[in-house]
Amino acid sequence: MAKKRPQTKAGKQQLKDGEIPVVGAREPCPCGSGRRYKACHGRAAAQAVTELVHRPFEGLSGECDWVALRELVPAATVALTLKDGLPEGVPSVTLATVLPMAWPALRRDDGSVLLALQNDTPSGDLSRDLADTLLRALAAEPGSPVAAQRVPAEGPRLQDVLDPAAAFEPAVHSGFEFWVPDAENATPEVSASLERANGAAIPTTRLAGVDAAYWCETPEKNHLRWVMPHAEEQLLDALARLHAAGTSSLGEGTRLVGSFRAHGLMVPVWDLPSAMGAEECEKPAAEFAERLTEALASDAPLTAEERRARGGLTNRQVTLS
């Protein structure tokens, strides 16, 4: 049997938990215990990595739009405001849906930072992963992308880094030309990535009259996907009341077909006629928002017909994340 390692060495300074760096799972733990990292302080780190945060954007300005840009919108950008202001040499920080070559972030030649939202992340807390990538991008050399890495279990989250009072105003784009200041002089790899991304992008428009509602065009029909901040059970009751009353549509030829679940929020989805563009959605969406507000305020028990409608809506839910 292999000889056991001593637990500690006399006189060796022990690190506090908050000072323990992240190392390889099979390496000695930096705390000085003599055990491997995975069997010592790595246990807490591993648990933090796998624990899922269901509403990672809760508390951020524009939570519903964060969810939409993460799951529904192909090409969009948002100017971000940092809680402590911009570091020297960083003229701006911009959130983007995706970046070329699937980079998590990019520090441009001029020092500005682009942070990608739709990349896969290594832990169960999307907010912590994005904050770690952002902070590393702020410190990166100009002209370099930022790679993904394992995130410290107790690292800051977006809610710790971003100004909670700043507006979150997405700009939806028809393509990904925002990737490069001069697309004509981009490298062949970036140009090829840009061409592929533009070819796959679904035309999408954010409605101006209501929050976090996105019209999109597909070959067969158009859709409206609307991220809503209400508690799921309350929202399902309200939608069921409207559906049973025949007032859940957005006008002739439209139909509430179901909903997504994404990052702790519900996203009702309507089918629209192919001739119905984003501008034609503005008025009926605003009118629906008024009907929904009234339905949300009702605390009356659901009728039998409303319960059937609710069951149908529940059966047509798809969980995205």
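**Ground rules.** I am working with a predicted model, in which local features need pLDDT of at least 70, side-chain atom pairs count only at pLDDT 80 or more, and totals for chains, interfaces and linings use all residues. Residues are numbered from 1 along each chain as its sequence is written, and side-chain values use heavy atoms, with hydrogens and water left out.

**Confidence.** I checked pLDDT (the predictor's confidence in each residue, from 0 to 100). The protein chain averages 88, and 88% of the residues score at least 70. Residues 1-18 have a pLDDT below 50, and beyond near neighbours in sequence this stretch has 19 contacts in the model. By contact I mean heavy atoms within 4.5 Å.

**Sheet.** My element names follow DSSP runs: helices are H or I of at least four residues, strands are E of at least two, numbered from the N terminus. I found an open sheet of six strands, ordered β5-β3-β4-β2-β1-β6, with mixed pairing. Which strands stand at the edges? They are β5 and β6 (171-172), each with a single partner strand, so one side of each has no neighbour in the sheet. Strands count as paired if DSSP finds at least two bridges between them. I looked at β2 and β4, which pair in the parallel sense over four bridges. There V93 stands opposite V113 in β4.

**Cores.** I took a nonpolar core as a set of buried Ala, Val, Leu, Ile, Met, Phe, Trp, Tyr and Cys residues joined through side-chain atoms within 4.5 Å. Buried is under 20% relative accessible area, exposed is over 50%, and partly exposed is in between (1.4 Å probe, protein chains only). The largest core has 38 residues, and F57, W66, L134 and V227 have the most contacts inside it. At least two residues each come from α2 (63-71), β1 (76-79), β2, β4 (113-116), α3 (126-139), α4 (158-161) and β11. The largest share, six residues, is from α3. I then listed what L134 touches: L82, V93, V113, L115, V161 and L162, leaving out residues up to four places away in sequence. A second, separate core of 28 residues includes M276, A295, L296 and L313.

Most residues other than glycine have a negative phi. I flagged M101, whose phi is near 60°, and A102, whose phi is also near 60°. At 40% relative accessible area M101 is partly exposed, while A102, at 52%, is exposed.

My last stop was R150, in the loop between β5 (144-146) and α4. R150 is partly exposed, at 41% relative accessibility. Its C-alpha atom is separated by 8.8 Å from that of T121, 29 residues apart along the chain.
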